[in-house]
Amino acid sequence: MGGDMNLAIIEKEGLHLFVAELLRRKNTVVGVKDQSAVSSIPGDSGFYTYAPINSPEELTLSFDVTLIPPKKYLLPAYEQLLTFNLSPGSIKADAPKEELIVFGVHPYDIIAINQMDKVFSTVPQDNHYLERRKRTTIIGVDPVKIAPRAFWSSMGADTVAGGFDLMLTDIGQCYVMEVGSKKGASLLKMAPKTREAAPAEVKERDKVRTEARKRCDANRLSFSYLELPSLLDGKEEHVIWEEKSHLCFSCGTCNLVCPTCYCFDVRDDVSIDLKKGSRYRTWDGCLLSDFAQVAGGGNFRGHRADRYRHRFYRKGQFIYRRFGDIACVGCGRCSAQCPSDIADPIAVFNRLKEGI
Amino acid sequence: MGSPSPYLPGLATIMKIEEQTAMEKLFVVRPNDGKPLGHKPGQFVEVSVFGVGECPISVSSAPNKKADFEICVRRAGNVTNALHNLKAGDVIGIRGPYGTHFPVEDLKGKDLLFVAGGLGIVPLRSFINYVLERRKDYGRIIVLFGARTPADRLFKAEIASLARRPDLEYLETVDVGDASWKGNMGVITTLFPKFTIDPKKTYAIMVGPPVMYRFAIAAARAKGLADDHIIVSLERKMKCGLGKCGHCQMGPVYVCQEGPVFNFAAIKNLEEALS
């Protein structure tokens with residue numbers, strides 16, 4: 001194999017050996033695990049989660065969508081930022097030290113990670129995030145199964161140009177593996193049974209992608225996602241916000257499962273002997289009732305409908321106006337996991353477009 | 001980490017604590033590294049009480065060459081209650097200064113109408129004292145101060161001497177007076193009929209509780225002030241101060257980044273900005 005391959009072919013057996021080799025070299029690899037077996041819900045078709053893997057057999061690449069997006073490895077749900085002595089004051093920053101390979105990330109989730117990269121690298125930079133990002137290898141995979149509520153094909157998130165180190169596409173007998181970075185190129189050298197992709201195989205990859213996109217189109221935004229920022233202009237008083245949020249539990253599930261939601265709270269913990277403490281950040285969600293509440297009880301988004309509306313504006317307009325990205329990638333997690341099924345962006349945006 | 005953590009506060013020592021009212025205390029704080037904060041009037045710092053947490057507090061003193069600066073804190077939440085329990089000599093953490101400041105340069109030569117509602121006097125005090133140290137650089141100065149009751153008024157001695165200055169017009173009111181109160185009673189807008197301004201060269205600088213803005217802005221407009229002659233400072237939950245955590249967001253604006261000081265003209269159409 002050549003060292004400068006940009007599009008390689010790896011046999012399925014070779015991929016198995018590649019994962020085994022990564023593990024043999026003591027890399028921490030997280031991948032998607034099929035958790036159908038652990039579901040206690042009768043008739044549940046199962047779900048997928050990212051978790052550390054110890055053998056190639058534990059890895060699933062033919063998943064539809066994971067319960068929680070891979071953001072949990074870049075912005076952990078609990079992340080220590082500082083440690084300090086309570087008295088006398090001394091304080092230091094905690095730095096992430098572990099290297100991580102996330103094996104199997106769909107393009108829409110990579111787009112979401114690219115958006116977080118932009119947010120946290122905007123000055124003032126968040127070096128905790130950036131350090132963790134630097135230590136994370138992303139191995140992407142194109143979806144072959146489509147989640148029932150997914151609509152990424154209409155959010156411009158069916159493919160992604162960058163942000164991955166390697167990107168795999170299952171073309172039947174083998175995978176096409178695209179190199180996205182230097183780190184990816186050196187990883188590829190570790191992979192056995194690879195060769196340069198033939199033009200026909202590259203065409204086959206296009207076919208696989210087109211086919212997946214068409215299946216995802218069954219559930220779609222009825223207009224170009226780039227129209228979202230202007231569509232939302234002047235819709236602040238639309239009846240839909242009150243109407244739909246009437247069923248909102250303010251549980252924050254939509255925030256929790258969203259790959260582009262990155263809001264967090266910062267809190268302190270104290271050791272049991274009251275000598276040491278730590279400051280950590282933890283996920284927060286704008287749908288939770290106290291999200292915009294200040295000390296003294298004032299709440300700048302105290303109404304449920306305002307919180308509900310805020311999320312859709314943030315996805316479709318606010319982040320775009322600030323960072324240039326539409327902050328919904330169409331993964332369908334919020335739609336699938338909202339207890340009241342009122343979080344589906346397609347349902348809300350299409351209705352606003354219809355003007356009813 | 002290769003690069004410093006933006007969450008790492010500098011250590012600072014509480015030099016002095018002055019009780020202002022039953023709810024507010026003034027803290028004189030000195031950074032342990034001895035360096036001045038380098039703030040401008042209207043900016044805020046993130047104050048840490050280690051083991052309790054961190055919260056945004058506006059700096060109340062005017063910038064100067066000394067390292068000491070002042071914060072005036074109402075006992076309202078976890079961190080501020082913990083701050084009230086500290087004593088001189090205790091060590092806290094300070095990050096910042098953060099946020100936008102009052103346009104002290106642009107306002108040179110202009111008439112200034114300060115509108116301070118309750119705790120709003122705290123950040124405005126930084127600007128008022130800044131102006132008084134450079135009195136000749138600014139035009140006419142009117143200070144309006146409103147508090148709920150006479151006992152709630154902050155900086156009483158300082159304000160009394162302010163009121164005696166011949167180069168400054170001072171008007172105050174309380175919502176509810178007491179037996180000894182001889183002054184104005186009513187909300188802050190009831191002071192507006194008591195003076196005239198030249199709207200072309202006057203800028204109103206308003207800081208107060210959320211409910212104050214709509215009424216005070218209407219009163220300023222009624223005096224002929226254009227929207228871009230009205231400057232406000234807004235309160236939000238500015239948890240990180242870095243434009244990341246999302247709590248202070250109003251529309252596409254992060255108050256900790258584009259604010260807390262805003263020109264009213266720039267945010268008047270922004271949903272959620274002013275209630």
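Colleague: What should I know before I start?

Modeller: The model is predicted, so local features need pLDDT of at least 70 and side-chain atom pairs count only at pLDDT 80 or more, while totals for chains, interfaces and linings use all residues. Residues are numbered from 1 along each chain as its sequence is written, and chains are lettered from A and ligands numbered from 1 in the order in which they are written.

Colleague: Into which domains is chain B divided?

Modeller: Domain bounds come from an automatic or database domain assignment. Here, chain B has domain 1 (10-98) and domain 2 (111-267). Each domain gives 19 residues to the contact between them; two residues are in contact if their C-beta atoms, placed from the backbone, lie within 7 Å.

Colleague: Which element gives the most to the domain 1 side?

Modeller: Strands are DSSP runs of E, at least two residues, and helices are runs of H or I, at least four, numbered from the N terminus. On that side, S6(B) gives the most, with 3 residues.

Colleague: How many residues are in the largest nonpolar core?

Modeller: Such a core is a set of buried Ala, Val, Leu, Ile, Met, Phe, Trp, Tyr and Cys residues joined through C-beta atoms within 7 Å; buried means 20 or more other C-beta atoms within 10 Å of a residue's own, again placed from the backbone. The largest has 100 residues, and A:Val329 is among those touching the most other members. Helix H3 (residues 107-121) of chain A gives the most, with 8 residues. Beyond four places in sequence, A:Val329 contacts residues including A:Tyr108 and A:Trp152. A second, separate core of 81 residues includes B:Leu37 and B:Tyr254.

Definitions and conventions: Buried ≥ 20, exposed ≤ 12 C-beta atoms within 10 Å, placed from the backbone.
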